[in-house]
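Biologist: Could you walk me through this model, one question at a time? I would like the cut-offs along the way.

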Amino acid sequence: MANDAGTNWAGNLAYGASILHEPTSVDEVRRIIAGASSIRALGSRHSFNGIADGTAELLSTAALTGPVTVDRDRSTVTVGAGIRYGELARELEREGFALANLASLPHISVGGAVATGTHGSGKRNRSLAAAVVGLELVSGSGEVARFSAGDPDFEGAVINLGALGIVTSLELTIEPAFEVEQTVYERLPLENLLQDFDGVTGAAYSVSVFTTWRDPDVADSVWVKRRPGRDAPLEETLFGAAAADDERHPLPGLPAIGCTPQLGVAGPWYNRLPHFKLDFTPSNGVELQSEYLVPREHAVDAIRAVRELSAEIVPLLQVNEIRTVAADDLWLSSSYGTDAVGLHFTWVQDQPAVEALLPTLEAALEPFSARPHWGKVFTAEAHDFDRLYPRLEDFRILAKRLDPEGIFANPFTASVMGR
């Protein structure tokens, strides 16, 4: 137990809790919760807002990695909530298995990524949480609750914002290991993207478009991740963008040493689907992040709305990533009931200036039913969460049942769910 909870990964948030617990077993978690009046789970600290912050105590899941248990008959793997995706991926590769998709960073914990609805990219790829078929958590009473696919309330328990309890383990679907080829294309005419958005984003298994908006008519790069034997072969050009002649970083001008291999060279899934390698500091470090997901039918209009604000966005923006996510049925998923497109903004670390800009950006995206990523910086007051999430009231009821005293509540959950 430590007295200083420290900061989040980006360093823009100092946690307010005075006590940090670091349990190594479920029994320890139960004892800690039994003695707590207010406590929150803390994963790999890669959230940019107060979702993981606590007013009194925090419980780190970092040591709750548990054994990686593969069930070959069911094609699932059971893991501790604290394990990071990059570490899990290496274990799965040794067993000849893979996850269907990964986020851009392999450094994030499974439990934290699932709880916040984190995702990768791919027209037919669902969020990371959609791989969950079972989970265990310690509820507000200190009891262990198990949820499995098909159970009542399962879809509400997966993306849980930490409001239902401390998740200790998860069961995920897996598939046979596969290879991926990654190719970066540069200077995509924006009008080509807008004219055939589905064509660009469906060009391969996973596609991400990056732009700085410094030239509002050109997207800086397109990162295309192809599965050989499943996706069509790639050409030297892609919708007017040319294949890069060397490896690139998503942030223009930065060295690519920390990025996963490119240039169309095939390699294992876990070393191509993320943008960054596990053994290097992820992304740029000194940054803030926001993301808004809109139904895919509104993607082109939403991108046009962002371009209209480019003059205001550019001074604060490092890069804007555009990626796709397939629909799922998880109550608090940003792709609940709809295929979605994520507009992800990596900002410079100037929190007052970014927070001053966000209401303007959010107002521009509001007509398109934009759902903010739960772990990024956004203005909670600008969103009608009951309209955006039709099952939110059901989630409130589930939270009241599992945590009747509200020991897992914090200002973030209050801003989303009401007190």
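Biologist: Which residues does Trp374 contact, leaving aside its neighbours within four places in sequence, and which residues have the most contacts inside the largest nonpolar core?

Modeller: This is a predicted model, where local features need pLDDT of at least 70 and side-chain atom pairs count only at pLDDT 80 or more, while totals for chains, interfaces and linings use all residues. Residues are numbered from 1 along each chain as its sequence is written, and side-chain values use heavy atoms, with hydrogens and water left out. Counting heavy atoms within 4.5 Å as contact, Trp374 meets Asn49, Ile51, Thr116, Ile159, Leu161, Leu332, Phe385, Tyr389, Phe412 and Val416, its neighbours within four places aside.

Biologist: Thanks! Which aromatic cluster does Trp374 belong to?

Modeller: Rings of Phe, Tyr and Trp (its six-membered ring) pair if their centres lie within 6.5 Å, with planes under 30 degrees apart counted as stacked, over 60 as edge-to-face and the rest as tilted. A search of the whole structure finds 10 such pairs. The cluster that holds Trp374 is made of Trp374, Phe378, Phe385, Tyr389 and Phe412.

Biologist: Why does the pair of Phe178 and Trp269 tie together parts of the chain, and how many residues apart are they in sequence?

Modeller: Their rings form a tilted pair, 6.3 Å centre to centre with 40° between the planes. Both Phe178 and Trp269 are buried (under 20% relative accessible area; exposed is over 50%, partly exposed in between, with a 1.4 Å probe and protein chains only). Phe178 lies in the loop between β10 and β11 and Trp269 in the loop between β16 and β17, so the parts tied together are separated in sequence by 91 residues.

Biologist: Is strand β9 enclosed or open, and which residue there is the bridge partner of Thr78?

Modeller: Helices (H or I, at least four residues) and strands (E, at least two) are DSSP runs, numbered from the N terminus. Seven of the eight residues of β9 (residues 166–173) are buried, so the strand is largely enclosed by the rest of the structure. The β9 partner of Thr78 is Glu171.

Biologist: Which network does Glu171 join through salt bridges that share partners?

Modeller: A salt bridge is a side-chain nitrogen of Lys or Arg within 4 Å of a carboxyl oxygen of Asp or Glu, and the count by this rule is 22. Arg396 and Asp386 form one, with the closest N and O atoms 3.0 Å apart. That pair links helix α11 with helix α10, at 10 residues apart. As for Glu171, the network consists of Arg74, Arg146 and Glu171.

Biologist: And how far apart in sequence are the parts that Arg401 and Asp153 tie together?

Modeller: Their salt bridge has its closest N and O atoms 2.8 Å apart. Arg401 lies in helix α11 (residues 392–402) and Asp153 in the loop between β8 and α4, so the pair ties together parts whose separation is 248 residues.

Biologist: Last one: is Ala340 buried or exposed?

Modeller: Ala340 is found in strand β19 (residues 340–347). Among the residues it touches, beyond four places in sequence, are Leu293, Val294 and Pro295. With a relative accessible area of 0%, Ala340 is buried.

Notes
Two strands pair if DSSP finds at least two bridges between them.
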